[in-house]
Amino acid sequence: MVTLTRIYTKGGDKGKTSLGSKARVLKSSAIIQAIGDVDEGNACIGLARPHAPQDIDLILSRVQNDLFDVGADLCIPDTEKTESSLRIVSTQVEALEKDLDLYNEGLAPLTSFVLPGGTPLAATLHHARTVIRRAERSVCALHQETSLNPLLIAYLNRLSDFLFVLARFANQGPGDVLWVPGGE
C-alpha cells in the first residue's frame, strides 16, 4: 500500500514531474497527457458510481482500481520494467469482456446511433466512455513514440465498449436516446 504523508512536494513547480521510474519529464509530455486522460476517465467513473445499483457499482469499483494499474503501467517505461512492475494483464481485459457480454445479453439490437444521455447513470457513463476513448487515443499516440504494454490499449478499448453497454443497460426503462438524422 502507498503511504502519502505530504501532498505537495514543489517538485512540479517548474513544469516537470516524476514518473514511477524517477525520471523527470515535462508535464506537457505525451506520457503525462495519457496518464492524465486515464485519471480523468477514472474521475468520471467515480461520478457515475453514486447512481449505480450495487452490482454495477462493484464492477465500477474494480474498474477504477484497474485504471490506477493502467497509470502505474504507463509511468514506468517498458525498458525499465522489472518482474515486480505493475502491468495490465490479460485477465483484466477478459473480466471486462465477461461483464460486457453479461450486460449486453438482454439489450435490444440498435436501430440507430445512440446519443449520450438518458438516466443520470447512463449520462455519466456516456461521459466516462468519451473520456476513456480520449485516453485510448493518447495511449495510442504514446505507443507510436515508445514501446508500451499492448494490453493497455486493449483494456481501454474494451472499457469504452463496456461503458457504452452499461449506459444502454441503464437506459432500459426509458430506452436509449437515439439519433434522428436531420433532427426530424
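Helices here are DSSP runs of H or I with at least four residues, and strands are runs of E with at least two, numbered from the N terminus. With that in hand, the layout can be read off. The model is predicted. Its protein has five helices and two strands. From the N terminus on, the order is β-β-α-α-α-α-α.

**Overall picture.** The C-alpha atoms fill a box of roughly 55 × 35 × 35 Å along the principal axes. The protein has 184 residues, and 39% of them count as buried. Take the contacts between residues at least 6 apart in sequence: 72% of these join residues at least 24 apart.

**Helix α1.** This helix covers residues 30-48, 19 residues in total. From first C-alpha to last it reaches 27 Å, close to the 27 Å expected at 1.5 Å a residue. Its buried residues include Ile31, Ile32, Ala34, Asp37 and Val38. Gly41, Asn42, Cys44, Ile45 and Ala48 are buried too. In general, residues three or four places apart on an α-helix point the same way, because there are 3.6 residues a turn.

What covers the buried residues of α1? Both strands and several helices take part, and the cover includes these elements:

| Element | Residues |
|---|---|
| β1 | 16-18 |
| β2 | 24-26 |
| α2 | 54-74 |
| α4 | 120-145 |
| α5 | 150-170 |

**Helices α4 and α5.** These two pack at an angle of about 165 degrees, their axes 8 Å apart. Angles over 145 degrees count as roughly antiparallel, so α4 is roughly antiparallel to α5. The crossing of α4 past α5 is left-handed. By class, their contact has 17 nonpolar, four polar and four charged residues.

How values were computed
Residues are numbered from 1 along each chain as its sequence is written. This is a predicted model: local features need pLDDT of at least 70, side-chain atom pairs count only at pLDDT 80 or more; totals for chains, interfaces and linings use all residues. Side-chain values use heavy atoms; hydrogens and water are left out. The expected span of a helix is 1.5 Å times one less than its number of residues. Buried means under 20% relative accessible area, exposed over 50%, partly exposed in between (1.4 Å probe, protein chains only). Contact means heavy atoms within 4.5 Å. Axes are lines fitted to C-alpha atoms, for helices over the stretch in contact, and angles run from 0 to 180 degrees between N-to-C directions. Angles under 35 degrees count as roughly parallel, over 145 as roughly antiparallel, 65 to 115 as roughly perpendicular and the rest as oblique. A crossing is left-handed if the near helix is turned anticlockwise from the far one by less than a right angle, and right-handed if clockwise. Ala, Val, Leu, Ile, Met, Phe, Trp, Tyr, Cys and Pro count as nonpolar, Asp, Glu, Lys and Arg as charged, and the others, Gly among them, as polar.
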